[in-house]
Amino acid sequence: MKIIAGNWKMNGTQQQLKTMISDLSSVETQNTVILCVPFTMLTTPSDKISLGAQDLSRHTHGAFTGQISAQMIAETGAKYVIIGHSECRQYNGDTNSIVRQKATNALNNGLIPIICVGETMDEKQAGKTMAVIESGVRESIPSDTSTPIIVAYEPRWAIGAGLTPTAAEIADAHNLIAKTLSDMGLGGTPILYGASVKGSNAAEIMSISNVDGVLVGGASLKSDDFIPIITSVK
Ligand code: PEP
């Protein structure tokens, strides 16, 4: 059983989400399916799949116009929240330390954080991939938790680019994340791979060691693209 999580980013409408939920309701799968959608769609009823947000404030409440707290997300009924996505690190200045604060808020409100780590192209070319991944895990993830978390390895250079690392590179990254989590007392935490996953590569990626599922951007927007990913593995 795998975890298949979609990230709609700033795309879609409430009607499109209702259509997607209806399309997914007839899919036979043992996999856990999650859709992380814009805040305005989080109250959409969904029986077979769980909804999640894509970010949250690092503050608990107060004068932070435009921000959304973990408690507010939890009140919608959402179960998950992506934290530290590459686009939030790039455009909103999220650092490992901010990601950790956000993850702590999520955990304190019963949300399961999907914490993203991964290297940029510059870091990859400088031979720093493994160091960036390990420090991302150690610095972004609160280890003093008994509440479940999910980690997503997302090579930042590959997101939305139609590029994927080799199977050996994905295996190295996931094995390092699994070992680091185990050192931190978080062994068994699910580790998703994300970046340019589609129906044609999903099964192969999810057969790699320590890949417990996928985080899917562009290919989660249409059921014709998303369903083949969900059904590509048992
Ligand atoms: C993402 O944004 O998390 C992602 C994985 O995007 P894509 O699948 O489009 O590369």
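**Close-up views of helix packing and the ligand site**

**View 1. Helix H6 meets helix H7.** The axes of H6 and helix H7 (residues 167-183) come within 10 Å and cross at roughly 35 degrees. Here, axes are lines fitted to C-alpha atoms, for helices over the stretch in contact, and angles run from 0 to 180 degrees between N-to-C directions. Helices (H or I, at least four residues) are DSSP runs, numbered from the N terminus. This is a predicted model, in which local features need pLDDT of at least 70 and side-chain atom pairs count only at pLDDT 80 or more, while totals for chains, interfaces and linings use all residues. Residues are numbered from 1 along each chain as its sequence is written, and side-chain values use heavy atoms, with hydrogens and water left out. H6 and H7 cross in a right-handed sense (the near helix is turned clockwise from the far one by less than a right angle). From H6, the contact (heavy atoms within 4.5 Å) takes in Met-130, Ile-133, Glu-134, Val-137 and Arg-138. H7 brings Asp-172, Ala-173, Leu-176, Ile-177, Thr-180, Leu-181 and Asp-183. By class, that gives 7 nonpolar, 1 polar and 4 charged residues (Ala, Val, Leu, Ile, Met, Phe, Trp, Tyr, Cys and Pro count as nonpolar, Asp, Glu, Lys and Arg as charged, and the others, Gly among them, as polar).

**View 2. Helix H4 against helix H6.** Take a look at H4 (residues 96-108) and H6 (residues 129-140): their axes come within 8 Å and cross at roughly 40 degrees. That makes H4 oblique to H6 (angles under 35 degrees count as roughly parallel, over 145 as roughly antiparallel, 65 to 115 as roughly perpendicular and the rest as oblique). The crossing of H4 and H6 is right-handed. Asn-96, Ser-97, Val-99, Arg-100 and Ala-103 of H4 touch Ser-135, Gly-136, Arg-138, Glu-139 and Ser-140 of H6. This contact has 2 nonpolar, 5 polar and 3 charged residues.

**View 3. Helix H1 beside helix H9.** H1 (residues 14-25) and H9 (residues 223-230) pack at about 35 degrees, with axes 11 Å apart. Their crossing is right-handed. Met-20, Asp-23 and Leu-24 of H1 meet Ser-223, Phe-226, Ile-227 and Ile-230 of H9, a contact with 5 nonpolar, 1 polar and 1 charged residues.

**View 4. Around the ligand.** Of the 13 residues around the ligand (a heavy atom within 4 Å), Lys-9, Glu-154, Gly-160, Ser-196 and Gly-217 come nearest. A side-chain N or O atom of Lys-9 is 2.6 Å from a ligand oxygen atom. For Ser-196, a backbone N or O atom lies 2.8 Å from an oxygen atom of the ligand. Gly-217 has a polar backbone atom 2.8 Å from a ligand oxygen atom.

Key
Helices (H or I, at least four residues) and strands (E, at least two) are DSSP runs, numbered from the N terminus. A polar contact is a pair of N or O atoms within 3.5 Å; within protein, one must be able to donate a hydrogen and the other to accept it, and residues adjacent in sequence count only if both atoms are side-chain atoms.
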